[in-house]
Structures are given as structure tokens and as C-alpha cells.
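Please keep the sequence and the three-dimensional view at hand while reading.

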Amino acid sequence: MGIHRLNHAVLYVSDLRRSIDFYRDVLGFRPVPMTPDGFRGAAFLQAPDSTNDHDLGLFEIGTNAGRSQAGRATVGLYHLAWELDTLDELAATAQRLAAADALVGTSDHGTTKSLYGRDPDGLEFEIVWIVPADQLDEDTLAARKRIGRLDLDRERARYGGQTRGGVGISVPV
């Protein structure tokens with residue numbers, strides 16, 4: 001079995017409309033009309049530049065649902081990570097997340113430059129830009145072993161704001 005990427009994620013949410021609004025307005029996802037007839041409480045969304053049928057499924061379980069305790073009191077998923085093409089897009093996403101009070105952190109992992117966000121139900125996600133394979137060097141690869149402070153201005157000066165990121169950590173040809 002040759003798994004090569006995550007196709008979509010499905011999240012349980014307390015308020016479907018609020019979650020749709022968040023993922024649409026903050027991250028640019030668009031609703032896909034594929035909910036089965038007569039099925040209420042679900043929505044499917046596609047990421048802005050995706051070619052997937054859908055990237056995110058949302059299933060409403062009601063406003064009385066408690067927040068996830070995964071990682072604090074139970075096992076469970078910590079976060080999903082979505083990749084952006086450019087550092088300029090990463091900077092714009094950081095601004096939108098901050099404006100929505102949903103940006104909870106940033107990190108420089110050497111080969112990846114990351115934002116961490118939290119949706120209205122407290123579910124965490126990561127937004128990343130990956131250093132292109134042809135720009136990987138020993139220092140960048142070694143930095144994967146530590147978590148540094150992300151300086152987006154410095155990274156845009158180094159790599160260029162419009163440089164397309166790599167897909168995974170690929171080996172230069």
C-alpha cells in the first residue's frame with residue numbers, strides 16, 4: 001500500500017454554521033455541494049487551490065458538546081497541517097488568523113515554516129510553507145531537530161516571498 005498524502009479530514013464541530021464561516025472566511029475554504037439529500041448537520045469544504053473532491057468534512061454534534069481533551073486528558077489527534085505555496089501567502093494567513101483571534105503560535109522547524117491556529121471549537125491546525133528541495137542545505141536540515149522562532153520577514157528575504165515551496169522534503173534531482 002503506497003500512501004502518499006492525506007486526502008481529507010473530518011472534524012466533529014459544535015456549531016456547523018460557525019465552523020463553515022471560520023474555515024471559509026479565515027482560510028479560504030469553499031463549501032462543496034455534496035451533502036447527501038436529507039442529511040443534516042454536515043458540510044464538505046475544499047481548500048482554495050485544491051484538486052481534491054473535498055479537503056474537510058464538518059459534522060455537527062451540537063452546542064452542548066465539550067471541547068476536545070486530546071493531549072490533555074485523552075489520546076487523540078493533535079493537529080492537521082495544510083501547506084501553502086509561498087511565504088507571502090503564509091504571512092497573509094498569519095494576519096487573517098490574528099485578526100480572527102485564532103493564531104496561537106508560530107515556529108521555524110528548519111525545513112518548514114509554520115503557523116498554528118485554533119478553530120472556534122478549539123481544534124488546532126498548522127499552516128506550513130516547506131523549503132524547496134533545491135534550497136535545502138545542511139543548516140536547514142539540521143534545524144529540524146529544534147523549534148525556533150519564526151521570523152517571516154527574514155525568511156521572505158532569504159527565500160523570496162513568491163518562491164513556491166517544496167512538496168514534502170524531496171531530494172533534489
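## Basis of the model

The structure is a predicted model, in which local features need pLDDT of at least 70 and side-chain atom pairs count only at pLDDT 80 or more, while totals for chains, interfaces and linings use all residues. Residues are numbered from 1 along each chain as its sequence is written, and side-chain values use heavy atoms, with hydrogens and water left out.

Helices (H or I, at least four residues) and strands (E, at least two) are DSSP runs numbered from the N terminus. Two strands pair if DSSP finds at least two bridges between them. Four strands form an open sheet with mixed pairing, in the order 1-4-3-2. Strand 1 and strand 2 (30-32) are the edge strands, and each pairs on one side only. From one strand to the next, the twist averages 35°; axes are lines fitted to C-alpha atoms, for helices over the stretch in contact, and angles run from 0 to 180 degrees between N-to-C directions.

Strands of a sheet pair through backbone hydrogen bonds, either parallel or antiparallel. Strand 1 and strand 4 run parallel and are joined by five bridges; within strand 4, Leu 58 is the bridge partner of Leu 11. Strand 3 and strand 4 (residues 56-60) run antiparallel, joined by four bridges. Helix 1 (residues 16-25) lies across strand 1, strand 2, strand 3 and strand 4, and runs at about 155° to strand 4.

Buried means under 20% relative accessible area, exposed over 50%, and partly exposed in between (1.4 Å probe, protein chains only).

## Ala 43 in strand 3

Ala 43 belongs to strand 3 (residues 42-46) and counts as buried because its relative accessibility is 10%. Opposite Ala 43 stands Leu 58 in strand 4. The two residues, Ala 43 and Leu 58, are 15 residues apart in sequence and 5.2 Å apart in space, C-alpha to C-alpha.

Leaving aside neighbours within four places in sequence, Ala 43 is in contact with Leu 16, Ile 20, Thr 35, Leu 56, Gly 57 and Leu 58. Contact means heavy atoms within 4.5 Å.

Another open sheet of four strands has mixed pairing and the order 5-8-7-6. Strand 5 and strand 6 stand at the edges, each with a single partner strand, so one side of each is left without a neighbour in the sheet. Neighbouring strands of this sheet are turned by 20° against each other on average, direction ignored.

Seven bridges pair strand 7 (residues 112-118) with strand 8 in the antiparallel sense. The bridge partner of Leu 115 is Ile 127 in strand 8.

Leaving aside neighbours within four places in sequence, Leu 87 is in contact with residues including Lys 113, Trp 129, Leu 152 and Tyr 159. Leu 87 and Ile 130 are 43 residues apart in sequence and 9.1 Å apart in space, C-alpha to C-alpha.

Asp 101 is found in the loop between helix 2 and strand 6 (103-108). Asp 101 is exposed, with a relative accessible area of 72%. Most residues other than glycine have a negative phi. Asp 101 has a positive phi of about 55° although it is not a glycine.

On a 1 Å grid over the protein atoms alone, a pocket is an open set of points where a 1.4 Å probe fits, with protein on both sides within 12 Å along at least five of seven lines; lining residues have an atom within 4 Å of a point. A volume is the space filled by probe spheres set on the points. The largest pocket has a volume of about 1200 Å³. Of the 33 residues that line the largest pocket, the closest to its centre are Ala 47, Ser 50, Trp 82, Glu 83 and Leu 84. Strand 5 (79-83), helix 2 (87-99) and strand 8 (124-130) are the elements that give two or more residues to this lining.

The second largest pocket holds about 370 Å³ of space. Of the 18 residues that line the second largest pocket, the closest to its centre are Ser 68, Ala 70, Leu 77, Tyr 78 and Leu 123. Strand 1 (9-13), strand 5 and strand 8 each supply at least two residues of the lining of the second largest pocket.
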